[in-house]
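Open the model in your viewer and colour it by chain. The stops below say what to select and what is there.

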Amino acid sequence: MSRWRRAFSLLALLVPAYGWLAFAVLAPLTIMLVFSFLSDVPIGERAVFFTLDNYRNFFEHIFYWRLTAKSLLTSFYTTLLCILLGYPMALAMAKVIPNQWRAALFMLVIVPFWSNTIVRLYSWAIVLRKGGVLDLFFQSLGIQMGSFEILYTYQAILIGLVHGYLPYMVLTLYIALDRIENSLLEAAASLGANAWQRFWRILFPLSLPGMISGAILIYIPAIGSFVEPRLLGGRAGTMIGTIIEDQFVQLFKWNFGATLSFLLLVIVLIFMALLGLILRRTRFLRG
Amino acid sequence: MSSVELQQVSKNYDQVVAVDQVSLKVEDGEFFALLGPSGSGKTTILRLIAGFIEPDQGKILIGGSDMNGVPPERRNIGVVFQNYALFPHLTAWENVAFGLEVRRFPKKEVAERVKEAFALVRLEGMEQRYPRQLSGGQQQRVALARALVTRPRVLLLDEPLGALDKKLRTQMQVELRQLQQSLGITAIFVTHDQEEALTLADRIAVMDRGRICQIGEPAAVYEYPVNLFVSNFLGQSNIFRGIVTKINADFAHIQTQYGYELVAGWRKSKAIGESALLIVRPEKINLSRQPSEIPNEVPGKVVHRIYLGTNTTYVIQLESGEVVTAFIQNKAERSGFSLGESIFVSWAAENCFLLDEVTQDSC
Amino acid sequence: MSRAISTIASLYALLILVFLYGPLVVMIIMGFNRSPFYELPFQYDLIWFQKLSTNERILTATRNSIVLAFAVSILATFLGTLAAWAMSRYHFRGKNILRILIIPPITIPWLILAVALLLMFYWLKIPRSLFTLVVGHVGVSLPYVILIMSTRFQGLDSSLEEAARSLGAGPFTTFQRITLPLIIPGLVASFMFTFAVSFDNFTLSHFLAPQGVSTLPVEIYTSIRKGFTPEINAISAIVFFFSAILVLFSSREIKFVG
């Protein structure tokens with residue numbers, strides 16, 4: 001094939017997909033950046049000029065800083081809980097549970113992960129609300145602590161987030177743990193390492209890349225969550241994500257919304273780079 | 001340093017019998033080979049000794065102590081795995097130091113011993129490298145050093161040289177043997193390569209389908225196999241089927257099914273009239289253009305020849321239609337025989353033996 | 001593996017499964033309960049499902065979601081496969097950059113992408129419509145398809161195609177008779193994955209759907225904000241079973257173990 005024909009066919013194959021990505025992802029993000037520097041939305045004849053006011057608005061009000069920190073912290077707690085709950089599960093699946101049940105378990109973990117987010121959160125709302133299943137359960141046990149109401153609290157948001165992201169962690173950890181050959185653990189045993197030592201010195205370090213991959217898949221998207229706070233958080237459910245949504249849906253302050261969104265993007269990219277760096281440094285762990 | 005003993009050990013997997021009531025004893029300081037085809041149970045026995053699996057029946061003793069219920073980490077063994085099982089996230093040094101560190105040896109002693117171990121396997125200078133940065137042969141040495149540094153009672157090796165190329169393998173065989181002898185450590189070695197077993201072992205156990213066919217020193221197992229399976233597994237065999245016609249103190253005469261009268265120098269308690277197999281190995285055979293006085297001599301024609309450098313393999317078809325293989329060393333004074341040439345195949349009576357007639361090739 | 005550890009592991013796995021499925025199961029059961037206020041005792045009744053069948057809003061939203069998901073899946077699978085094919089079979093500079101470019105769309109929170117798209121369409125004076133929705137949905141799905149199909153192509157032995165060519169088959173014939181049949185599992189996986197992602201998507205639809213055009217997740221969300229009614233349980237139960245079946249079918253195709 002001549003050079004030109006080859007180049008042409010290559011472009012024909014790549015351009016549609018990447019062009020779409022450029023149009024649907026890159027361009028919008030750039031425009032969002034532009035918007036964040038504008039004073040107003042360009043409707044019709046309204047005068048629009050370049051300004052830093054939106055950014056000033058953010059940086060001058062501690063409220064927004066606190067909210068960003070809260071979102072980052074919430075993401076962190078979510079990731080941590082997913083690791084703590086997910087690691088034993090992945091370990092059980094990869095190393096303990098007999099082979100014939102593994103595929104079934106795998107399937108069972110995936111299904112909630114793929115089911116509709118709104119549906120999932122709604123089901124939690126039903127369970128956690130006052131008069132809901134959990135409340136009735138504790139009442140039937142005779143526990144009198146007012147009514148057991150977790151709904152519309154910060155804890156409820158965490159529960160909703162962990163419930164949604166846990167399968168990510170379980171699955172990435174499972175794949176990582178599964179790849180660790182049993183002969184390595186047998187070798188460690190033959191050298192005198194007991195069960196804890198085998199776990200801590202061999203299994204755990206080799207599973208780190210998987211854990212970090214999982215953390216990336218959880219921490220970064222979770223920063224921008226707004227559905228969980230809205231549906232489960234009630235008044236405690238204010239996070240940077242909900243504020244951004246407000247700007248567009250309620251307050252019609254699109255420029256400020258663009259600013260917040262862009263700042264959130266910067267934070268996300270920073271964390272992505274950081275975590276990616278850590279991941280690359282652990283890549284050599286994979287034999 | 002200890003002896004290893006198996007007493008009537010059996011192990012099943014689902015419906016398959018992997019090890020069938022095996023008993024054997026490896027003496028202290030011995031280099032013992034478990035030889036057999038895949039599926040013979042040799043690796044299973046190794047893993048039973050190591051403690052990675054528990055026997056369904058029987059006892060396993062190391063140094064005279066019953067290992068029932070004792071996990072691998074408390075058996076004080078060294079294992080070299082087929083794929084080396086080097087920890088990829090640790091340097092060579094850290095790999096070798098691992099066994100000492102989990103036993104909480106003081107740092108100074110760890111450093112000394114590890115240094116010693118690297119010198120022992122002649123891999124100084126590679127300590128800071130990661131396994132993936134080492135060649136196959138180097139990885140193998142690290143695996144060896146790691147297993148030896150803890151000064152285990154027994155060294156278990158699961159086809160450790162399988163992944164190496166021929167030249168390296170031969171070299172490593174020599175080094176391994178020297179190492180084992182200088183350390184005086186009891187070693188049990190699993191292989192399917194009969195040449196390897198013959199080279200390295202003090203004694204060999206030939207296994208097939210979970211059972212031990214024969215245990216003995218290499219020469220004994222090679223020259224005096226107890227059945228056709230062992231005879232075929234170690235080296236090649238030319239087989240003549242026949243009936244025993246005469247027996248005296250040193251020899252047994254048989255008449256083969258195609259009428260040859262042959263004499264064997266060793267027999268396996270045969271009586272006159274019994275059917276037997278006469279086995280003569282290819283390297284024991286002489287070829288010549290003139291007949292001679294040797295009692296075992298049959299005429300034939302060369303139908304195939306393969307030049308192999310050190311020797312030439314001749315395939316000769318006898319008048320009876322049977323086919324005999326001969327290995328003839330390539331020496332200048334004996335010019336080779338050409339295809340189609342008529343020659344005489346002969347061998348000394350002491351160089352062949354009788355085995356039971358069997359219908360299938362197994363223990 | 002000692003018995004104790006085995007039992008603990010199984011129990012733990014069970015606990016996690018209870019955590020993952022518990023609320024969903026409760027919600028589904030409540031969909032069959034007569035009481036409009038989720039009161040016990042439980043009385044089996046299909047009344048909410050019946051009400052659902054006459055609820056125009058939800059039915060329309062469901063139909064919109066399905067149609068949208070179909071369109072998005074076909075587009076994304078097609079375009080993404082082409083790109084993945086190019087990346088695996090051609091050598092050119094910048095391939096690594098293209099590979100890296102896939103990562104941001106997958107990890108950037110959808111909120112940001114939705115906002116950005118909203119702004120862009122506004123600025124370009126393109127009114128919100130099903131078209132803008134499709135643009136957005138395909139945009140976020142493409143990286144997944146490229147990822148899945150890239151892996152598929154990598155696993156595909158190129159010597160198979162070379163053999164076909166050596167036997168006289170031209171590029172199109174080779175693709176049609178050799179390559180295509182072998183990548184069908186990957187195509188199916190991509191399609192189903194994209195379908196699930198699009199059908200489930202709330203964030204993008206929330207921002208980009210025009211007035212009067214609703215997708216199912218948006219509709220459920222609105223209903224929840226207005227208050228709890230078991231009709232929502234009913235539709236949620238149906239949606240859940242639907243996605244469960246989808247997962248079961250496509251899981252056979254997607255190889256999660258790299």
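Predicted model: local features only at pLDDT ≥ 70, side-chain atom pairs only at ≥ 80, totals over all residues.

**Stop 1: chains C and A**

Of the 2 pairs of chains in contact, A and C share the most contacts.

How much area is buried between chain C and chain A? The figure is about 7900 Å², and carbon and sulfur atoms give 82% of that. A search for salt bridges between chain C and chain A gives a count of 0. Polar contacts do turn up across this interface: 9 residue pairs, with both residues at pLDDT 80 or more.

**Stop 2: chains B and A**

Move to the other interface of chain A. Here 23 residues of chain B are in contact with 22 residues of chain A. About 2000 Å² is buried between chain B and chain A, with 63% given by carbon and sulfur atoms.

How many salt bridges are counted between chain B and chain A? There are 3 salt bridges. The rule also finds 8 residue pairs in polar contact across the interface of chain B and chain A, both residues at pLDDT 80 or more.

On chain B, select β6 (77-80), α2 (92-102) and α4 (136-148), each of which supplies at least two residues of the side that touches chain A. The element that gives the most to this side is α2(B), with 4 residues.

Next, show the side chains of E73(B) and R198(A), which meet in a salt bridge at 3.1 Å, N to O. This pair crosses between chains: E73(B) is in the loop between β5 (65-66) and β6 of chain B, and R198(A) is in helix α9 (residues 195-223) of chain A. Is E73(B) buried or exposed? Its relative accessible area is 17%, so E73(B) is buried.

No contact joins chain B and chain C, and their closest C-alpha atoms lie 10 Å apart.

**Stop 3: the two domains of chain A**

Colour residues 1-36 of chain A as domain 1 and residues 50-286 as domain 2. The centres of these two domains, taken over C-alpha atoms, are separated by 32 Å. Their contact takes 5 residues from domain 1 of chain A and 9 residues from domain 2 of chain A.

Domain 1 and domain 2 of chain A bury about 620 Å² between them, 69% of it on carbon and sulfur atoms. Which residues of domain 1 lose the most area to domain 2? Select M32(A), F35(A) and S36(A), which together make up 78% of what the domain 1 side buries. Between these domains of chain A the salt bridge count is 0, while 4 residue pairs are in polar contact, both residues at pLDDT 80 or more.

**Stop 4**

In soluble globular proteins, nonpolar side chains tend to be buried together. The largest nonpolar core in this model has 215 residues, and M32(A) and I188(B) have the most contacts inside it. Both domain 1 and domain 2 of chain A give residues to this core, so it lies between them.

Centre the view on I188(B). Among the residues that I188(B) touches are V4(B), F32(B), L46(B), I49(B) and V154(B).

**Stop 5**

Over all chains, the rule gives 22 salt bridges. In chain A, select D178(A) and R102(A), whose side chains meet in a salt bridge at 3.9 Å, N to O. This pair links distant parts of the chain, 76 residues apart: D178(A) is in helix α7 (residues 154-179) and R102(A) is in helix α4 (residues 99-114). D178(A) counts as partly exposed because its relative accessibility is 30%. R102(A), at 14%, counts as buried.

In chain B, select K284(B) and E283(B), which form a salt bridge at 3.3 Å, N to O. K284(B) is buried at 16% relative accessible area, and E283(B) is partly exposed at 34%.

Finish in chain A with R230(A), E245(A) and D246(A), which are linked in a network of salt bridges.

Notes: Residues numbered from 1 in each chain as written. Chains lettered and ligands numbered in written order. Heavy atoms only, no water. Core = buried A, V, L, I, M, F, W, Y, C linked by side-chain atoms within 4.5 Å. Buried < 20%, exposed > 50% of the residue type's maximum accessible area, 1.4 Å probe, protein only. Domains from an automatic or database assignment. Contact = heavy atoms within 4.5 Å. Buried area = accessible area lost by both parts, 1.4 Å probe. Salt bridge = Lys/Arg side-chain N within 4 Å of Asp/Glu carboxyl O. Polar contact = N/O pair within 3.5 Å; in protein donor to acceptor, adjacent residues only side chain to side chain. Lists of a residue's contacts leave out its neighbours within four places in sequence.
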